Amino acid sequence: MSTTQIKQKQTQYTCPMHPEVLQEDPGSCPKCGMALEPIDIRAKEKNEELHDMNRRFWISMALSIPVFILAMSVDMFPSLLPESLSMKMVQYTEFFLATPVVFWGGFPFFVKGINSLRTMNLNMFTLISLGVFVAWLYSVVALFMPSLFPPMMRMDDGSVHVYFEAAAVITTLVLLGQVLELKARSQTNTALKLLLELAPKKATIVKDDGDEEDISVEDVKVGDILRVRPGEKIPVDGVVAEGKSNVDESMVTGEPLGVSKSVGESVIGATLNVNGSLLIKAEKIGADTLLAQIVEMVAQAQRSRAPIQKLADLVAAYFVPIVVFVALITFTAWWIFGPEPTLTYAVIGAVSVLIIACPCALGLATPISIMVATGRGAMAGVLIKNAEMLEIMEKVDTLVVDKTGTLTEGKPTLVSIHAEEGFEEEELLRLVASLERASEHPLADAIVKGAKERDIELVKVDHFESLNGVGVKGDVDGYKVAIGNKKLAESLNIDQKAFFERAQSKRADGDIVILVAIDSKAAGFIAVSDPIKESSAQAINDLRKEGIEVVMLTGDSRTTAEVVAKKLGIDTVYAEILPEEKATTIKELQAKGKIVAMAGDGINDAPALAQANVGIAMGTGADIAMQSAGITLVKGDLRGIVRARVLSRATMRNIRQNLFFAFFYNSVGIPIAAGVLYPFFGILLSPMIAAAAMSFSSVSVIANSLRLKKINL
């Protein structure tokens, strides 16, 4: 599977902070000015904006350093300057060096700032471009028209103090912040890019005549037989046609131990064949492979918005206009009440407020954390469908689990057959297996497989009918055969005490008992065993430590369900529940104030998964269950729920830290920039320090979010 296969369509671009923004070409977000990112996560992609910002930064820094040195020398060490170097010459030099920095280095900021005014989507670039331009314009007027300024602002030679160094250094620092931010943002999808890079580019096809040939993975077709040697990656999703080996599936399941694979078992594309030679039959290629679906699901989750982001959006909507208003108030206050030269102080205060009050950190606080967390979850086999599910998972206090395929292996085997008087076991199995061959239920597959192992020949079925939550019936070899649970027997008015007592004894062992009726008479039962997953007990114990109550919800008999529940330490059991009643049971728990997560894997679990606050599908189950769920566990292991819980808690803690820092930074930074400390301590924030602080705020939020990559799941 290649990146090209996964892509397969024209790339669209979107904004991390505003996922509703979509366009066909790269560019800037019309709302916040941030560089748009491709929706398709590609393994290798040159970041043109990062390259451009890097170039602008280094050239701007080379020009800004002499401007800064000149300005500082004039202010602090004038004696070091040559006597032949007049103030006018110094200022003209600063002008010629700073102007390209402001208008070439800062060109992207001015374009985005003007666009924000044109669309009235005021953002961080509105403030930056306005602040830098005010500092540069003030300096130009002071340099070329000093007579416009009052005498007290002029120096002995008639010149007026300029701030070209502030305009140049601010631009350079903002460019540095953009470079650091773009580099950090490029790391948010590291997990998915690593997955894509693991995908093999070549496959060895085995032709009908036995010859083998290396071909591009893109040329593999469904049904092709492929050779996978030890140490090679499996090219596409398929099923083992010949051979036996251990396969390392850690790149999609998060499990480090190899998984034994033999004939008939499924394999996942891009996983590593460890020690045996395999022939596999290709079943899913390109965008249909599990890896492609994982990438698509996680990419969608990264573009979704968590409810907690509404707070940041609300603040950001009013933030920039308020900051501009505060800057005007600051300018006016310094001009009227400030010390001489009042205009200079007014400009410094207003520019500092505009520069320091960057809303970027506030806007990045949530989406960057979500992007990193969903990627980290994918590497651990936990696929998050959207950001809302990640937020709610932290609050879940009740987990409802289906039994078959969730707590148990979901791979039942036929263990015993009991025939009532007048019927033979082999004939009973022949009729039942023939009927079950038309069913898609996992238990049906176990019975059919058991019959084939006994070399029983199956026959045609007429008038097959599936009775939802009850069983199946049909005409087999002249008999009217019905198989199912206790409700089926009751519907046929079968009431033989001894028959049910014998069935109950098998249920007491934890087996699933399927009752058989032939021509509306009790004919016997078939017992099927579905062993409990080795990981279920540990997972439930860990969930209990997390403060989550575990509830079993199953359509199986109460006796069988309670045996499993007792082994796993589950206190609450809802048994003999019809599929349509599962969602109702979830509603009842929610009505009691419970925040419910539902874990299931079958088609009949889909309504309940959709009803739950968080639906959790086993990746080994039905596709419709995964579509209805908010979280999918690739391995189908309940320990994945513990991972999802840990990931959710860490992500929400990270988001709260980011939001606190962003709010705290602005609530403290803006008053200081406005000069609130000046009357008490004589402290007035330099616009250059404000620019450094602004850049630091965005980078620190991203750096904090990137810590989620190191969570131990």
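Residues are classed by relative accessible area as buried (under 20%), exposed (over 50%) or partly exposed (in between), with a 1.4 Å probe and protein chains only. The model is predicted: local features need pLDDT of at least 70, side-chain atom pairs count only at pLDDT 80 or more, and totals for chains, interfaces and linings use all residues. Residues are numbered from 1 along each chain as its sequence is written, and side-chain values use heavy atoms, with hydrogens and water left out.

Of the 713 residues of the chain, 54% are buried.

Aromatic rings of Phe, Tyr and Trp (its six-membered ring) are paired if their centres lie within 6.5 Å; planes under 30 degrees apart count as stacked, over 60 as edge-to-face and the rest as tilted. The count by this rule is 17 aromatic pairs. Phe103 and Phe110 form a stacked pair, because their ring centres are 5.5 Å apart and their planes lie at 15 degrees. Phe103 is partly exposed, at a relative accessible area of 33%, whereas Phe110 is buried, at 14%. The pair Phe660 and Phe664 is also stacked, with centres 5.6 Å apart and planes at 15 degrees. Phe664 is partly exposed, with a relative accessible area of 45%, and Phe660 is exposed, with 56%. A cluster linked by ring pairs comprises Tyr92, Phe95, Phe96, Phe144 and Phe164.

The charged end of Arg56 sits over the ring of Trp104, 5.0 Å from its centre; the criterion is NZ of Lys or CZ of Arg within 6 Å of the ring centre and within 35 degrees of the ring normal.
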